[in-house]
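This report describes a single protein chain, moving from its overall composition to selected helices, charged groups and backbone details. The sequence and the structure are shown first.

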Amino acid sequence: MSSGGLELPPGDAGHEGGPSDVPAGAPPGPPAGAVSLAEPAEPGPAAGAELDWSAEAWSEVRTRAQRAGRAYIWLNLIEQRLRAVVGAVLRPIYAPVHGEDDWVVAAAGPAGQEWVHRAVAVREVSRRKGYLLDPADDNVLSFLTLPQLRELMVQHWPCFEPYFDDRRDVELALDELEVTRNVVSRNRALNQAVLDQAERASARLLEVLGGGAGGPAADRLPIDAVEDLVGDRYADVVSVHPDRVRLQRQLPAEDLFGGARRLDAIGIGLNLLVQNYSGRRLVRLADAGCRVRLLFLNPASSAVKRRERELGLRKGELSRSVEMNILHVRRVRARLADPGQFAIHVFDETPRFTAYLVDGEAGGTGGGIAVVQTYLRRARGMEAPVLVLRGGGRTAAKDGEPGLFGTYREEFESVWQDSRPVS
């Protein structure tokens, strides 16, 4: 008992005057009522084990990051384009009266005082901390976000109306983008359906805001923001598909061939054109001024027989299929006002690839789209991987070397020179 009347805890066993309940020969343990720090009170998982990620978790995280990165590129492009449009329309109205620094504050008006003053404060903090890496961004407009730029546009719609046909189109596209922006800015999961919707809305909005690529090739396969930024890494390859079925989901034959000014095709039977694009459409295409050159493998050549053996087809099966396709395009040519616009040739060499070159010049320059497949020993053309190429890509302009479009164009011209016309 202590002098204060409190009972002290008992000492260890073996101390004089201390009680001992430990059997003889047993290791000493903690005092009664105490908790040992050497071992956990209850068995459990090792510390930090719950921080491990499985392969599935890593895969999911990478998928999320890829989707968010793609969406961010679109959102960034839209925000910069909208910022330029708002500045071009409203600055000449407010800057002469309020000055270059305060015209955005004046344009925001009483309804936007809170967010515009917040943008001014963020700009001042960025100045002090050295976050303004580009002097061109040292203005209040550069610190407005997409919703705030939209608010300026809506408030001053009479100023924007002469430049845009439909206010509702702009607002609907921005509404669709707001969902994606909210998810990306908070680093939450973005599903594929929302990403696809955001890409469609962004492409539509860029077209409305005057930022579209334009041109026939762009109408067939529009240049998206990701390709525009990183396309140089992949020569002029726009997309790769495991087979022709998946290609036609993205790029149907109607979109590929419709409105073409020049169409050159080489292959065994050219089924993508003959079986997926009707003769009536081919007639209209040629009568509209499209120059067509088709190169079929000679159905009587030994190369056809070798291909039949590779695919395990009955003797004469492939040659009859090629003959039917040639007869079909001959009937199309017979219906044209100018049959000279529609040339049909056959070649006798071993077929190495099939290619459909739509527009594009002989040197690979100029806008154009190409669909290319190599022949595999045991796979039909429908099952072979597909490359989609864009003619006149940035690679040619960057280092002077032709891209893959130009390579296949040259190969087509070489085979065409050695081929024979079909009467």
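The sections below treat the chain as a whole and then its individual elements.

## Overall composition

The structure is a predicted model. Its protein chain contains 17 helices and 8 strands. Of the 423 residues in the chain, 38% are buried. Where contacts join residues at least 6 apart in sequence, 71% of them link residues at least 24 apart.

The protein chain has an accessible surface of about 24300 Å², and carbon and sulfur atoms account for 52% of that area. W53, W58 and V61 together make a nonpolar surface patch of about 300 Å². Of these residues, V61 belongs to helix α1, which spans residues 55–98. V61 counts as partly exposed because its relative accessibility is 31%, a value between the 20% and 50% limits that separate buried from exposed residues.

Helix α4 covers residues 146–155, and its buried residues are L146, Q148, L149, L152 and M153. These residues lie on the same side of α4, because the arc they cover around the axis is only 165 degrees. An α-helix has 3.6 residues a turn, so residues three or four places apart point the same way.

The elements against which the buried residues of α4 pack are α1, α2 (103–108), α3 (113–129), α5 (157–160) and α6 (167–185).

## Helix α13 and its two faces

In helix α13 (residues 279–287), the buried residues are G279, L282, V283, L285 and A286. Viewed down the axis of α13, they fall within an arc of 165 degrees, so they line one face of the helix. The exposed residues R280 and R284 are carried on the face of α13 turned away from that buried side.

Packing partners of the buried residues of α13 are α11 (253–257), α12 (271–274), α15 and the strand β4 (342–347). After α13 comes G289, which has a positive phi near 110 degrees.

## Salt bridges

Side chains of opposite charge can pair when their charged atoms come close. In the whole structure, 24 salt bridges are found. One of them joins the side chains of R127 and E124, with an N to O distance of 3.2 Å. R127 and E124 are both in helix α3, 3 residues apart, which is about one turn of the helix. R127 counts as partly exposed because its relative accessibility is 39%, and E124 is likewise partly exposed, with a relative accessible area of 30%.

E171 is partly exposed at 22% relative accessibility, and R167 is partly exposed at 32%.

R380 also forms a salt bridge, with E383 as its partner and 3.4 Å between the closest N and O atoms. R380 is partly exposed, its relative accessible area being 46%, while E383 counts as partly exposed at 41% relative accessibility. Elsewhere, a network of salt bridges links R262, D264, R293, R409 and E413.

## A buried arginine without a salt bridge

R333 is situated in helix α15, which runs over residues 317–334. R333 is buried yet has no salt bridge. The nearest side chain of opposite charge to R333 is that of D338, 10 Å away, whereas a salt bridge requires a side-chain nitrogen within 4 Å of a carboxyl oxygen.

With residues up to four places away in sequence left out, R333 touches P339, F342, I344, V422 and S423.

## Positive phi outside glycine

N187 is not a glycine, yet its phi is positive at about 55 degrees. N187 sits in the loop between α6 and α7 (192–208). N187 counts as exposed because its relative accessibility is 69%, and the threshold for that class is over 50%.

L270 is also not a glycine and has a positive phi of about 55 degrees. The location of L270 is the loop between strand β2 (262–267) and α12. L270 counts as buried because its relative accessibility is 2%, and buried means under 20%.

How values were computed
Residues numbered from 1 in each chain as written. Predicted model: local features only at pLDDT ≥ 70, side-chain atom pairs only at ≥ 80, totals over all residues. Heavy atoms only, no water. Helix = DSSP H or I, 4+ residues; strand = E, 2+ residues; numbered from the N terminus. Buried < 20%, exposed > 50% of the residue type's maximum accessible area, 1.4 Å probe, protein only. Contact = heavy atoms within 4.5 Å. Areas by Shrake-Rupley, 256 points an atom, 1.4 Å probe, with all protein chains shown as cover. Patch = residues over 30% accessible without salt bridge, like charges linked within 9 Å, V, L, I, M, F, W, Y side chains within 5 Å. Lys, Arg positive; Asp, Glu negative; His and termini not counted. Arc of directions from axis to C-beta.
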